[in-house]
Amino acid sequence: MNIIKDFIKPVVVLTVICLVVAGVLAYTYEFTAPIIAQGAQAEADASKLELLPEADSFEEIELSDIDGLISIHKAKNGAGYVTLSAAQGFGGLVNVMTGITADGKITGVKLMENQETPNLGTKVGDAAYTEQYIGKDMNLEGVEAVTGATVSSKAFAKAVNIAFVAYGKVAGVEVEMPEEPEEVDPLTTIFPEEELVPAEMAGFEEAYTTASGGVVIVWPTKGYEDKPMDVIVGLNPDGTIAGVRLGENEQTPGIGTMCAEPSYTDQYIGRTDTKDLDAVSGATVTSDAFRKAVREVLEAYSAAKGA
Amino acid sequence: MNRLKNLTRGIIEENPVLVLLLGTCPSLAVTSSAKNGIGMGLAATFVLIGSNIVISLLKNIIPDKVRIPSYIVVIAGFVTIIQMLLQAFAKDLYSELGIFLPLIVVNCIILGRAEMFAGKNGAFDSALDGIGMGIGFTLALFIMGTIREILGAGTIFDMQILTNTVDIFKMAPGGFFVFGVVIAAVNKIKKIGSKKTKAAGRSGCPSAAACTGTEKGE
């Protein structure tokens, strides 16, 4: 074992190669960076006019301390603003350029630098998606995500929200960010006006009564692949179903969980049996388990009452 | 004329994509249009020539222990240079190639030729080999790109010539299909059927030991 040949030489050679390559790269970078920056600037300016065609030229407004805002430019003729903002997407930051008129309506949005999956996440840059935004105000009502590219779509929308926050600051307008919908306990939605009082009822582990004589029962059962699900049954004083809900469950999101939708649960209202009910398309196992659970609750309830 | 053979070998006889079956990843990914195919081919050729020359010059200095890391650093250096140059001077192509531009670093053609040729031959010959393989690569991409663009989008270099298109050619399955057909056509042209020389085939690739499909003598 020759120390020099086996240990020192390889290390030295590799290190020297790395240093030389790094040097060449540094030189190339120095020489290309200004050109790249210029190109990016030209592209950005052209893009700005595309988004806010009524503008003439732009001046940048210094605005810091807005998370996600990269820059905001104001049209010199007062036509509006163009912002560059970013939000974390699937593969990295999704940069979005947004054109907003002086009174808060979107004139256009454009996908800029991003690392989203080509032909999937990058579809948020397609007209089919971006056109939705035109004319909308800060609420972004009715914007639909790109199928199969939810994360990219959410990032895009968030970037547009950030644009509005910046707009709000410079235009002196109150901007409401759309709130995340609150989690509502399905238990409380069957008898919405009334308070649920826990009650001891034979045959039921979890049951509540209401002041007007209604009853809400939580019935744990097993659904798809024997995964647990809670079926909530609300009964009127006369024993008919007031409403049913899907409680905590491990059913397949978007498929089995569709049993929570009113289009399915509304069928049960007013009934005393579970005959001839439609299942949720594509979620037969969960629907059948749900229906069986409701039937069991009805049977146990009439047994407890009538017996 | 042995020297000239170094150049011409890579074009048809040992075309890296269609005969050696190296570099199939970008061949499928960026050939949805002829323009992108050529662009990628030229970028990879630049790297190939550069790395072949440098590696050939350094072949006696690089100890065997650090052979692969050294090759990779050199190749990555060239890829980064071409990335910066494209971003500065050919932004459109840069955007179109996307992630596949930096992926040239792991393009088997480049490391494969470094191992199989540049590591064992002189600088001039290695340069010729690089040019030849590069031309072969670009040619293969151009052929595939053209077929896929005409059939899938009806355009050639963005000029519309057909209106009845078959979308699948723009997508992965179509790419594989065209790839297979072109390989078959080239095989026919070369009339060698299934015979491949050992040096050209998969056992020449540095990771052959790890590859489960490589049989003895293949």
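How many residues does the contact take from chain A and from chain B? The contact, defined as heavy atoms within 4.5 Å, takes 17 residues from chain A and 19 residues from chain B. This is a predicted model, in which local features need pLDDT of at least 70 and side-chain atom pairs count only at pLDDT 80 or more, while totals for chains, interfaces and linings use all residues. Residues are numbered from 1 along each chain as its sequence is written, and side-chain values use heavy atoms, with hydrogens and water left out.

**View 1. Interface of chain A and chain B.** The two chains bury about 1600 Å² between them, 83% of it on carbon and sulfur atoms; buried area is the accessible area (1.4 Å probe) that two parts lose on being put together, summed over both. Zero salt bridges are found across this interface (side-chain nitrogen of Lys or Arg within 4 Å of a carboxyl oxygen of Asp or Glu).

**View 2. The largest nonpolar core.** This core has 50 residues, and Leu18(B), Met40(B), Val47(B) and Ile104(B) have the most contacts inside it. A nonpolar core is a set of buried (under 20% relative accessible area, 1.4 Å probe, protein chains only) Ala, Val, Leu, Ile, Met, Phe, Trp, Tyr and Cys residues joined through side-chain atoms within 4.5 Å.

**View 3. Surroundings of Leu18(B).** Beyond its neighbours within four places in sequence, Leu18(B) is in contact with Ala140(B), Phe179(B), Val182(B), Ile183(B) and Val186(B).

**View 4. Helix α7(B) and Gly154(B).**

Conventions: Chains are lettered from A and ligands numbered from 1 in the order in which they are written. Helices (H or I, at least four residues) and strands (E, at least two) are DSSP runs, numbered from the N terminus.
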